[in-house]
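Welcome, and please take a moment with the sequence and the model before reading on.

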Amino acid sequence: MGKTVLIVDDSNTMRKIVSRALRQAGIDFSTILEAGDGQEALDVLSANDVDVILSDINMPNMNGLEFLKAKSEIAAIKDIPVVMISTETGADIIDEAKSYGAKGAIKKPFTPELINETLGALL
Amino acid sequence: MEHAQEIINSTQEIFSSMIMLDVTPGEPFIRNNDKLINSISGIVGLAGATKGMLAIHMTNAAALAVTTAFLGMDVEEIDDDVRDAIGELANMLAGSIKSILDPSGSDIKLSMPSAIYGEDYSVDCLAGAEAVTVPFAFDGLGFVVELQLRKDS
């Protein structure tokens with residue numbers, strides 16, 4: 001049975017690009033859900049079973065780090081793995097993301113192969 | 001000119017891997033405040049120890065071609081998809097340049113990307129900043145990537 005992935009990014013373009021890359025990566029996702037910021041992501045997670053989350057960091061309203069922190073405080077969803085996918089991949093910000101539970105980071109620009117490699121270890 | 005090669009490397013990598021377009025760089029120059037005609041600009045501000053901006057300026061025709069390739073669907077007018085795509089290109093370019101200028105990621109903050117467009121507008125230079133602009137060509141179309149930096153002591 002295919003997995004469900006949630007893509008969190010304020011850019012509609014980037015959500016489309018990530019969706020396309022997931023298909024090209026050959027991972028069997030039956031459902032691809034989308035959210036435009038951290039708060040929308042929490043709303044999606046409250047209503048859907050999700051296997052893995054790909055989240056941008058730099059977003060309005062609730063950014064990726066705030067989302068990770070909020071998610072870590074909700075028992076029902078705190079164990080869903082999150083991979084950050086962002087232009088912001090400096091050591092300090094990634095360390096902070098990992099301190100809130102992020103399992104990895106993918107730098108934009110990315111390739112389907114890199115997505116496969118990163119997500120494959122989590123699914 | 002300083003940082004021209006980093007702009008070339010970052011731009012070619014992003015266009016090659018995300019848009020499947022090979023872009024050819026031209027000779028770097030200083031753009032001054034030249035007006036932009038029938039164009040769209042994606043802009044990201046830099047703040048912190050180093051201030052400035054990263055911008056990508058495209059003619060409408062180039063922006064439509066790039067967005068069509070980026071999204072894999074025909075785009076025929078400057079709409080939300082084009083503005084979002086050009087802003088996201090600026091965002092990736094700024095992130096790439098930031099990773100070179102600030103490897104730890106803690107000294108420079110990036111703004112959210114924005115896009116402006118119109119028949120006749122200008123994007124002013126940051127006072128006291130060092131600036132470099134690199135032109136690129138693809139399929140008979142062109143765009144420029146501009147970096148302005150001012151390091152406050």
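## Ground rules

This is a predicted model, in which local features need pLDDT of at least 70, side-chain atom pairs count only at pLDDT 80 or more, and totals for chains, interfaces and linings use all residues. Residues are numbered from 1 along each chain as its sequence is written, while chains are lettered from A and ligands numbered from 1 in the order in which they are written.

## The annotated span

In chain B, an unreviewed UniProt entry lists residues 40–136 as "domain: Chemotaxis phosphatase CheX-like". UniProt positions follow the numbering used here, feature names are shortened, and annotations may be inferred rather than shown by experiment. The end C-alpha atoms of residues 40–136 of chain B lie 15 Å apart, and the span is 35% helix and 38% strand. Helices (H or I, at least four residues) and strands (E, at least two) are DSSP runs, numbered from the N terminus.

## A residue facing chain B

A:Thr13 sits in helix α1 (residues 12–25) of chain A. A:Thr13 counts as buried because 21 C-beta neighbours lie inside 10 Å; the cut-off for buried is 20 or more other C-beta atoms within 10 Å, with C-beta atoms placed from the backbone.

Beyond its neighbours within four places in sequence, A:Thr13 is in contact with B:Phe70, B:Leu71, B:Asp81, B:Asp84, B:Ala85 and B:Glu88. Contact requires C-beta atoms, placed from the backbone, to lie within 7 Å. A:Lys108 is 95 residues away along the chain from A:Thr13, with their C-alpha atoms separated by 13 Å.

Technical notes
A residue is buried if 20 or more other C-beta atoms lie within 10 Å of its own, exposed if 12 or fewer, and partly exposed in between; C-beta atoms are placed from the backbone. Two residues are in contact if their C-beta atoms, placed from the backbone, lie within 7 Å.
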